[in-house]
Amino acid sequence: MIVVMGAAGATGGATLRSLAALGVPTRALSRDPARLSAELDDRTLARTETRPVDAADPDSLRAAFRGAHQLFLTMANGPHQVRHELNAVDAAVDCGVEHIIKISAPAAEPDSLVKVSRGHHEIEARLRSSGILTTVLRPYAFMQKLLLLAPGIAAAGVVHGATGQARCNYVDVRDIGDAAAEVLTRPELAGATYPLTGGRAYSHPELAELLGELLGRPVRYLHLAPAELHAHLVARAGMPDWLAAHVVEIQQLAIVRKESPDGVFTRLTGRTPRTLEAFFAEHLHHFR
């Protein structure tokens, strides 16, 4: 039995769909299983058992994990992420789960300049000391998060950022789900750490140029200082303070640590990753 924690989220949902495409049954966990079931396509729903869970409640976690052999662990970034994921790890140990695949982050190090990455390091350390076979996926920035740029581009044709000419890796969450499904169904892949990127890294000016070409109108990049970008994300994009700080930290990481694509996804799946051009074309209506 494969249990998917965080099944209502982007990577959890993508993994459910990828496993269903392979014909693999899963147990999907959510605070609101009825809502999750309503959002699943028919093929995924037919392969999925949904159950309620509260990550803050160890008893709830143990009940949800009972009988599971593998756990896909992902939770939304936020102030409670570390505590909730550590609760899940402890419950998995108690229930005899044999393999955990965790969604982590690049630069998951104790001194990372990205606070969320420091939290992932703490969770990875607990996993390594637990004795459970562990696989870590470290995806870079999600293409889906670029949809947050859509209002500013639709209204003013402007991409705001603080990266200058530094390039960032982007990966489609559907590719993360496909990679996770490969690891969950091919035991020989388990036990390693895999970074996940798309096929090309882009600077913000290059993003603006690409969107302009697809939209048929000018889109420009407006470079801001980190503090200015933080203020813009809070005031104009409506982000909570912690999330705005996270976005700024990720962009600063791209400046101090050069990002470039690798071939890990292709080695795991046997195909090339989805492209940013295709992603933008698929979602272009959001940017008009």
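**The second largest pocket and its helices**

Tutor: Three helices each supply at least two residues of the lining of the second largest pocket: helix H5 (81-95), helix H6 (115-130) and helix H11 (241-256). Keep in mind that this is a predicted model. The pocket has a volume of about 270 Å³.

Now find the lining in the sequence. It includes Gly78, Pro79, Gln81 and Val82. Lys115, Val116, Arg118 and Gly119 also belong to the lining. Trp242, Ala245, His246 and Glu249 line the pocket too. By type, the lining divides into five nonpolar, four polar and three charged residues.

Aspartate 90 and arginine 126 meet through their side chains in a salt bridge, 2.8 Å from N to O. Aspartate 90 sits in helix H5 and arginine 126 in helix H6, so the pair links distant parts of the chain, 36 residues apart.

Valine 256 counts as exposed because its relative accessible area is 59%, and the cut-off for exposed is over 50%. Together with Leu113 and Ile255, Val256 makes a nonpolar surface patch of about 260 Å².

A search of the whole structure finds 21 salt bridges. One of them joins glutamate 206 and arginine 167, with the closest N and O atoms 2.6 Å apart. Glutamate 206 is in helix H9 (residues 204-215) and arginine 167 is in strand S9 (residues 167-171), so this pair ties together parts 39 residues apart in sequence. Glutamate 206 counts as buried, at 17% relative accessibility.

Another salt bridge joins glutamate 188 and arginine 186. Here the closest N and O atoms are 3.2 Å apart. Glutamate 188 is exposed, at 56% relative accessibility, whereas arginine 186 is partly exposed at 28%. Salt bridges can also share partners: Asp175, Asp178, Arg271 and Arg274 are joined into one network in this way.

Note on methods
Residues numbered from 1 in each chain as written. Predicted model: local features only at pLDDT ≥ 70, side-chain atom pairs only at ≥ 80, totals over all residues. Heavy atoms only, no water. 1 Å grid on protein atoms, 1.4 Å probe; cavity = no way out; pocket = protein on both sides within 12 Å on 5 of 7 lines; lining within 4 Å. Points joined across faces, edges and corners; volume = space filled by probe spheres on them. Helix = DSSP H or I, 4+ residues; strand = E, 2+ residues; numbered from the N terminus. Nonpolar A, V, L, I, M, F, W, Y, C, P; charged D, E, K, R; others polar. Patch = residues over 30% accessible without salt bridge, like charges linked within 9 Å, V, L, I, M, F, W, Y side chains within 5 Å. Areas by Shrake-Rupley, 256 points an atom, 1.4 Å probe, with all protein chains shown as cover. Salt bridge = Lys/Arg side-chain N within 4 Å of Asp/Glu carboxyl O. Buried < 20%, exposed > 50% of the residue type's maximum accessible area, 1.4 Å probe, protein only.
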